Amino acid sequence: MKIKTKLRLGLGILFLMILALSLIAARYVYLLKEDTENILQNNYKTLDYSRSMFLAIDGIHTDPGAWTKFEQNLKDQESNVTERGEGDVTRKIAGHYASLKADPGSEKLPVLIRNDLAELTLINMKAIQAKSDKALTTAQAAFLWIALTGTICFLIALTLLVNLPGNIGNPIRELTESIRAIAEKKYAERLHFSGKDEFGELARSFNSMAEKLEEYDNSNLSQILIEKKRIEALINNMHEPVIGLDENKNVLFANEEAIKIMGIAAGDLLGKSAVDLARQNDLIRVLIQEEQSLNGSSGHPASAALKIYADEKESYFEKEIVDIAILPTGERSKKFIGQVILLKNVTPFKELDFAKTNFIATVSHELKTPISSIKMSLQLLESSQTGAVNEEQQQLISSIKEDSDRLLKITGELLNMSQVETGNIQLNIQQSSPYDILKYAVDAVKTPLEQKHIELVVEADDRLPDVKADMEKTAWVLINFLTNAVRYSQEESKIHIHVTDSGQGIKFLVQDEGKGIDSRYRSKIFDRYFQVPGSSKSGTGLGLAISKEFIEAQGGSIGVVSEIGMGSTFYFELAKA
Ligand code: ADP
């Protein structure tokens, strides 16, 4: 049965019961009223008339008004005949009264009238008794019916009171719990209302919804699993090692290549904390350490390749750490969820690089000797022992000399670079005087300065302490700064050299009035083979790169301050001895 019908029926029955109870009560109250009213109306009046007629008869001989009073009451009684036999007795009274009126002196007639009146009174008293009995019966019946109907009403109301709230409330409670379960993703939850009422319909709709949700969830899950497997297969088939970490640095995944190079079983790796693993595994330690240092710095991938010995051979990898952040549904800010460490195998490039470096080293080394002998020969040519040379020949000799000087510089730089690239910088660090380094460099650039008529202003602090440096390489750097400054300065300009005590170390500074360096290229000029577009092509683009390597290998720092059109200031700083 529908809830609506149930409610209607329940309330309807209650309403009908109240109505029935009211009707029954009203009916019996009416019957009781009728009974008492009859007594009052019919019998009480007759008794009253009889009493008045008694009094009138008693005073009939003494009171002249008694006749009229008697007649009046007799007349009233004649119109109030209600009981059986009452009419005969009334007519008997009227007959005796008529006789008394005709014979007022009769002694017998008042006695007869009194007897009649007594009979009349008796009839009415009996009638009162009978009516009182009837009223009592009515009252008893009323009590019985009202009690019976009341009890039935009470029982029905009690049944409704006990059952109806539960009938409606329980399914609602169950429904609420089930909805809560669904909200907690417990899609197996079902409602079990079997009736055909609204709750039954609701349960059927709810169950079909839950079923669909369950199906959707399962299909989603299987799809996610398939996607997961696909991605795992993709990652596993990659030829480069890939490692995934969650936000707490626990290893989420590592492909076969990564497992191979790390030399650790997959079971011991996955789900473990990378920080804990780093204690036993050198490679993971390097990854974590580098990552930590990267976090603090600019965030660029580590440029130096990692050398890893795995599979009985040496391999080189470039590491890249990609931070993974997602935008959770309904949120506005991105959330960091982990990192992917990609190791790019650069071994073939490294091997080619080594081959190139070796080739350059060999070629530049081999070239050095013939160039030196060319220079020697030029010196001989210039000397008077080999005969006089005319002016034209002299010019040719000096241009050959310039070219061979340049060639020697280039081969020197290439050799230095190959040393740097193979990691074979031989440093001879000792306590060196900054004044000696300065003098050595200034002497070396005298000729080019003179050629361009550039004034060199040297400002060195007094009593500078010694520095910890490889004298030769530091002077080489300073010479490189100075030759660059000369190369990129106008004729008849000025170049300043400042040597100062910076507190932490000794700072060498070369300041020119040249064209300066565009901010776009400033960060690149220390890169190998880099030349600012449009600048002199005679160089190799290696000078500053070698300078950086030389200074950093000695634990110093190097840099430049420059603005386009404002000249450039190159500096390096070395620790005091
Ligand atoms: P190069 O052999 O080409 O001079 P370097 O490594 O010494 O190579 O310099 C790299 C680049 O830096 C140069 O190509 C040049 O454009 C720029 N550079 C170096 N020194 C200066 C300077 N003093 N003024 C302007 N540009 C300079």
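Tutor: A residue counts as near a molecule if one of its heavy atoms lies within 4 Å of it. The model is predicted, so local features need pLDDT of at least 70 and side-chain atom pairs pLDDT 80 or more, while totals for chains, interfaces and linings use all residues. Residues are numbered from 1 along each chain as its sequence is written, and side-chain values use heavy atoms, with hydrogens and water left out.
Student: Which residues come nearest to the ligand?
Tutor: Of the 20 residues around the ligand, Asn484, Arg487, Asp512, Gln531 and Leu544 come nearest.
Student: And how do the residues of that shell divide?
Tutor: They divide into 9 nonpolar, 9 polar and 2 charged (nonpolar being Ala, Val, Leu, Ile, Met, Phe, Trp, Tyr, Cys and Pro, charged being Asp, Glu, Lys and Arg, and polar the others, Gly among them).
Student: What lies 2.8 Å from a nitrogen atom of the ligand?
Tutor: An N or O atom in the side chain of Asp512 does. An oxygen atom of the ligand is likewise 2.8 Å from a polar backbone atom of Leu544.
Student: Switching topic, how many salt bridges are there?
Tutor: The whole structure has 28, a salt bridge being a side-chain nitrogen of Lys or Arg within 4 Å of a carboxyl oxygen of Asp or Glu.
Student: What is the closest N and O distance between Glu421 and Arg528?
Tutor: In that salt bridge it is 3.3 Å. The two residues are 107 residues apart.
Student: Which network includes them?
Tutor: Salt bridges that share partners join Asp353, Lys356, Glu421, Arg528 and Glu549.
Student: What about Asp501?
Tutor: Its side chain meets that of Lys576 in a salt bridge at 3.0 Å, N to O.

Note on methods:
A polar contact is a pair of N or O atoms within 3.5 Å; within protein, one must be able to donate a hydrogen and the other to accept it, and residues adjacent in sequence count only if both atoms are side-chain atoms. Helices (H or I, at least four residues) and strands (E, at least two) are DSSP runs, numbered from the N terminus.
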